[in-house]
Amino acid sequence: MKLLTKNTLILLFVALVVFSVGGFIFYTQLKNIMNEEAIEALYAKKHEVEQYVSENHKLPESVSFEELLNFTESQAPIKECLSDQLIYIQTEEEELPYKQLRFNLQFEGKNYICTISSSLLEADDLIETIFKSFAIIIILLIVVFITINFLFSKVIWKSFFKTLKQINDYEIEKHQVLAIDKNSTKEFQQLNEAIVKMTQKISNDFNNLKSFTENASHELQTPLAIIKNKTEVLLQTEGLTDEHAIQIIEINQTASRLSKLNQTLLLMSKIENNQFSIIETLNFTDIVTNKLKQFEDLIEMKQIRVISSLANLQVNIHPMLADMIVSNLLSNAIKYTAEKGEIQLVLSSEGFKVSNQGKALKAGADKLFARFYKENEDATSTGLGLALVKQIAIINKHSLNYDYINNYHVFCYSF
Amino acid sequence: MKILLVEDETGLSDSISSYLKQEGYLCEVVKDFKSADEKIELYQYDCILVDINLPDGNGLNLVKSLKRLKSQAGIIIISARNAVDDKIEGLDLGADDYLSKPFSLAELNSRIKSVLRRRKFEGNDEILFNEITIKPSESTVYVKGVLLTLTKKEYDLILFLINNKNRVLTKETIAEHLWGDDMDMADSYDFIYTHIKNLRKKLVEKGSEDYVKTAYGMGYKFSAE
């Protein structure tokens, strides 16, 4: 819900409460005043009647309209009294509220009861009038409020939306501190300051974490190097049994695997941290051709047919990343192609497409790019190759897609 | 041949120096920048192995010192930082080679030999192993004086094997030497077998003895025994 809508709804609710309470108070006050006025008017009339009688020496004529005036003879004088009466009025065809004053009038030695009635405003009418006027006031108020908000909100919220856009565009990998303009609205200024402080902290934490990851990774390499070299020395010992030698070699291989894993993770974190931001214009075709030559032995040994159609393509990318894309996609294809299978390479303006024959994936395609995902329990695979390429694609705003078409695994890297 | 090893990790320097001593080198080990700097001022070495991260300084500065002294020593940088920039900077400063940790001792040995050959003989030397002669400057191999036709990989393989003769080399070490880090596939071990088989066949055909021995079913050894 928009802030403006929320504000308006709250205003509407509060206005309703205030106006109903206010309306009730207003109603009772008004009613009291009218009552008093009516009573005053009755007494004035009484005075008028008494004056008339003493001046003209006769009773005034009875009136049976607005202010009813009535005389009745009585034996004894009555006490003056005020009362509320409902009187049936023929023209209105209903009973209407009246205030009535009865008092004793002595005339020519006789006692008369003089009744003066004064019509009161109907409560219904009164409530209706009050309700109507208050409703008009509420509607006016809301209309004015919305109009003002609408007219000025764009101006007032402008800097807020600017800040919002900056936050949306914020890229943590670039570990920058947001520079936000000063704002005259105190709340927005507070928000901006908080955001600047937060990005400052993010940037610091990010840098700390980055250097920690790198240092940890480097520190790991030395002990691994020691393990590898010690086993190598051990392997040269005279009189080793086969069994011992095999164990030693396995230790050595495991250390290598660990080291490779470590290096790949380090590489991945470097890619994520945008440490390969230097971009060059490269001839991608050359890279593919060179890699193919590098993998020649493997391709030959597995007797894989490679069908390639390589158009000339220039790409803007860091040379190491370009190398990793081709190397990982190619080695992946070679690895999962059976002997005498086929690999198709297409390099066009659309991108770099590598297809290889093979059985459908056991797991879903969405898992393919996950870190440490391995299609087979293969000890020599780090399960990071495709994740690495995916990461490169994300960082460079390229795309890497997978599809399984007619027994071919198709990877397409689009620039 | 005198080699200076500048490495602060004892675990590592012990293995390296013992391996190199077996190869017949005289290997001196120093643990910090200061003593390394003193050593290179005072003595002549044929090859210097420098770790970049030293407790009291950057190994790259030792390379600078060596160049200032116009030292004839070959320089190999060993580093845990597999950073391209480090590598480029080291080589630009005049280092002959760069190895990132972890490396195999056989690989280090092979690199030292090739650096020494380039430095000492300007490439004009011959490697002899009984009836086999290798001329590194021409990348050619002769058996009893007859030229052997080898592929690039087969040549690399025999050079690596003879550089590390009488030692057990795992398939992994050989694969890494021939194909570098890129090749992390199990398949690569299988086709080392293919290459070894082809090399053996070519050697034997020209009348060489079969020196390539299988060791423990998981590695190879080039040996006359």
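Mentor: We shall discuss the contact between the chains, then a helix, the strands and some backbone angles.
Residues are numbered from 1 along each chain as its sequence is written, and chains are lettered from A, with ligands numbered from 1, in the order in which they are written. The model is predicted, so that local features need pLDDT of at least 70 and side-chain atom pairs count only at pLDDT 80 or more, while totals for chains, interfaces and linings use all residues.

Trainee: At what angle do H3(A) and helix H1 of chain B pack?

Mentor: Two packed helices are described by the angle between their axes and the distance between the axes. Axes are lines fitted to C-alpha atoms, for helices over the stretch in contact, and angles run from 0 to 180 degrees between N-to-C directions. H3(A) and H1(B), residues 10-22, pack at about 30 degrees with their axes 9 Å apart. The two helices are therefore roughly parallel (angles under 35 degrees; over 145 is roughly antiparallel, 65 to 115 roughly perpendicular and the rest oblique). Residues making this contact include Ala225(A), Ile226(A) and Val233(A) of H3(A), and Leu12(B), Ile16(B) and Tyr19(B) of H1(B).

Trainee: Which residues of helix H8 of chain A are buried?

Mentor: A residue is buried if 20 or more other C-beta atoms lie within 10 Å of its own, exposed if 12 or fewer, and partly exposed in between, with C-beta atoms placed from the backbone. In H8(A), residues 385-395, the buried residues are Leu386(A), Leu388(A), Val389(A), Lys390(A), Gln391(A) and Ile392(A). Their cover includes H4, H7, strand E10 (399-405) and strand E11 (408-414) of chain A. Of the 415 residues of chain A, 20% count as buried.

Trainee: How many bridges join strands E3 and E4 of chain A?

Mentor: Two strands pair if DSSP finds at least two bridges between them. Ten bridges join E3(A), residues 94-107, to E4(A), residues 110-119, and the strands run antiparallel. Gln106(A) stands opposite Asn111(A). The strands form a hairpin with two residues between them, and Glu108(A) in the turn has a positive phi of about 50 degrees.
Chain B has an open sheet of four strands in the order E8-E9-E10-E11, with antiparallel pairing. E8(B) (127-129) and E11(B) (146-148) stand at the edges with a single partner strand each, so one side of each lacks a neighbour in the sheet.

Trainee: Where are Asn406(A) and Pro102(B) found?

Mentor: Most residues other than glycine have a negative phi, and most peptide bonds are trans. Asn406(A) has a positive phi of about 45 degrees and is found in the loop between E10 and E11 of chain A. With 7 C-beta neighbours inside 10 Å, Asn406(A) counts as exposed. A cis peptide bond joins Lys101(B) and Pro102(B), with omega about -5 degrees. Pro102(B) is in the loop between strand E7 (97-100) and helix H5 (105-121) of chain B.

Note on methods
Contact = placed C-beta atoms within 7 Å.
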